[in-house]
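Dear colleague,

Please read the notes with the structure open beside them.

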Amino acid sequence: MKWYLEEGIGEHRAIAVTGGKMVSTRIHWPGELLAGEVAEAVLQSRASGSSRGTAQLPGGEQVLVDRLPKSASEGASLRIEITRPAMAERGRLKCALGRPTELPTVSLSLAKSLASEGSEPEIVRRFPVPGWADVIAEAIAGEVSFSGGSVIFSPTPAMVTIDIDGTLPPHELALAAVGPLAETLHLFDLGGSIGIDFPTLQTKPHRREVDEALDTALADWPHERTSMNGFGFVQLVSRLSRKSLLHRAAHSRTGVAARLLLRQAEQVQEPGALLLTCNPAVSAHLTSDWQSELARRTGREIRIRPEPGLALDSGFAQAVPL
């Protein structure tokens with residue numbers, strides 16, 4: 001498996017490729033924290049006797065810190081390692097998580113983060129295999145289709161719920177869904193608590209067969225899980241240390257669409273000015289800095305045309321006469 005990294009405008013994105021096929025993804029928006037970063041902070045608040053408190057980073061971001069030593073008091077300086085960035089949820093923002101450390105301070109990029117895990121990515125201008133836009137479209141739709149059915153993803157504050165739906169008989173449908181489900185967990189870079197609602201299977205042998213198929217399909221995805229219960233429900237739990245594509249599509253859809261449009265614009269080959277046609281919400285998201293960077297990278301004049309009738313994720317870039 002080999003990793004490739006595009007350092008795009010407003011977004012660094014990476015894919016893992018095996019056998020000429022994209023099998024995993026990572027995404028980072030510069031300016032966000034990455035798990036593994038180590039920074040100096042100031043402890044702002046701590047309840048008496050609690051091992052948890054809130055610290056503030058130099059840039060002003062709040063971090064919920066666990067495992068505080070008894071000696072740490074409000075106003076004290078401490079060094080913390082980020083274990084999870086801030087996560088948006090419906091109606092609120094969950095603070096980043098961290099813990100005290102003696103490690104030296106370090107700021108990470110996506111390339112450095114992958115390298116720290118033993119995966120040295122090759123930085124490329126364009127991924128060597130297709131599929132990125134398709135995965136983004138599936139994350140925005142929250143649905144992945146397969147022959148005879150579909151896997152439907154719904155992020156909630158408590159967990160990501162997954163529904164298996166289709167026209168096949170229940171046992172066949174459940175087995176047919178396992179492969180696409182396992183592939184999509186990697187492609188969406190999902191983590192945390194995940195609940196899967198398979199069709200109800202009446203017999204224990206059928207449920208056991210699905211459990212065995214899940215064991216095989218998820219062998220390379222670190223997790224714990226329950227066996228399928230009598231109602232077809234399975235729960236997976238894996239480490240949550242970064243935002244998934246599904247999370248970004250659910251909570252930052254305009255930002256996802258804007259960055260996808262910029263990626264498309266960078267890859268236009270025909271000569272001329274670059275015209276970006278998109279929903280007004282997306283055009284408003286295309287900052288002057290991003291437009292300037294696009295002009296610098298492509299050597300072209302940049303034009304933006306808001307089109308109210310377009311869906312958020314239906315923008316397109318094209319070359320037009322100067």
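Does Arg79 count as buried, partly exposed or exposed, and at what relative accessibility? Arg79 counts as partly exposed, because its relative accessibility is 29%, where buried means under 20% relative accessible area, exposed means over 50% and partly exposed is what lies in between, computed with a 1.4 Å probe on protein chains only.

Before the rest, a word on how to read the values. This is a predicted model, in which local features need pLDDT of at least 70 and side-chain atom pairs count only at pLDDT 80 or more, while totals for chains, interfaces and linings use all residues. Residues are numbered from 1 along each chain as its sequence is written, and side-chain values use heavy atoms, with hydrogens and water left out.

Salt bridges

The structure holds 18 salt bridges, a salt bridge being a side-chain nitrogen of Lys or Arg within 4 Å of a carboxyl oxygen of Asp or Glu. In one of them the side chain of Arg79 meets that of Glu40, at 2.8 Å from N to O. This pair links distant parts of the chain, since Arg79 is in strand E7 and Glu40 is in strand E4, 39 residues apart; helices (H or I, at least four residues) and strands (E, at least two) are DSSP runs, numbered from the N terminus. Glu40, at 35% relative accessibility, also counts as partly exposed. Elsewhere, salt bridges that share partners join Glu6, Glu11, Arg13 and Arg263 into one network.

A further salt bridge is formed by the side chains of Glu183 and Lys21, at 3.7 Å from N to O. Here too distant parts of the chain are linked, with Glu183 in helix H3 and Lys21 in strand E3 (residues 21-28), 162 residues apart. Glu183 is partly exposed, with a relative accessible area of 42%, and Lys21 is partly exposed at 45%.

The side chains of Lys243 and Glu32 meet in another salt bridge, at 3.1 Å from N to O. Lys243 is buried, with a relative accessible area of 16%, whereas Glu32 is partly exposed at 21%.

The side chain of Arg207 does reach the backbone oxygen of Leu201, at 2.8 Å. Not counting residues up to four places away in sequence, Arg207 touches Leu201, Gln202, Met228, Asn229 and Gly230, contact meaning heavy atoms within 4.5 Å.

Helix H3 and the residue after it

Helix H3 (residues 170-187) has 18 residues and reaches 25 Å from its first C-alpha to its last, close to the 26 Å expected at 1.5 Å a residue, the expected span being 1.5 Å times one less than the number of residues. A kink of about 30° lies at Val178, shortly before the proline Pro180, the bend at a residue being the angle between axes fitted to the seven residues ending there and the seven starting there. The buried residues of H3 include His171, Ala177, Val178, Pro180 and Leu187.

Just after H3, Asp189 takes a positive phi of about 55°. Most residues other than glycine have a negative phi. Asp189 is found in the loop between H3 and strand E15 (192-197) and is buried, with a relative accessible area of 10%. Arg67 also has a positive phi, near 60°, and is found in the loop between strand E6 (62-65) and E7, but Arg67 is exposed, with a relative accessible area of 58%.

Thr83 in strand E7

Finally, Thr83 lies in strand E7 (residues 77-84) and is buried, with a relative accessible area of 16%. Not counting residues up to four places away in sequence, Thr83 touches Ala35, Leu97, Gly98, Arg99, Leu240 and Ser241.

Conventions. Polar contact = N/O pair within 3.5 Å; in protein donor to acceptor, adjacent residues only side chain to side chain.
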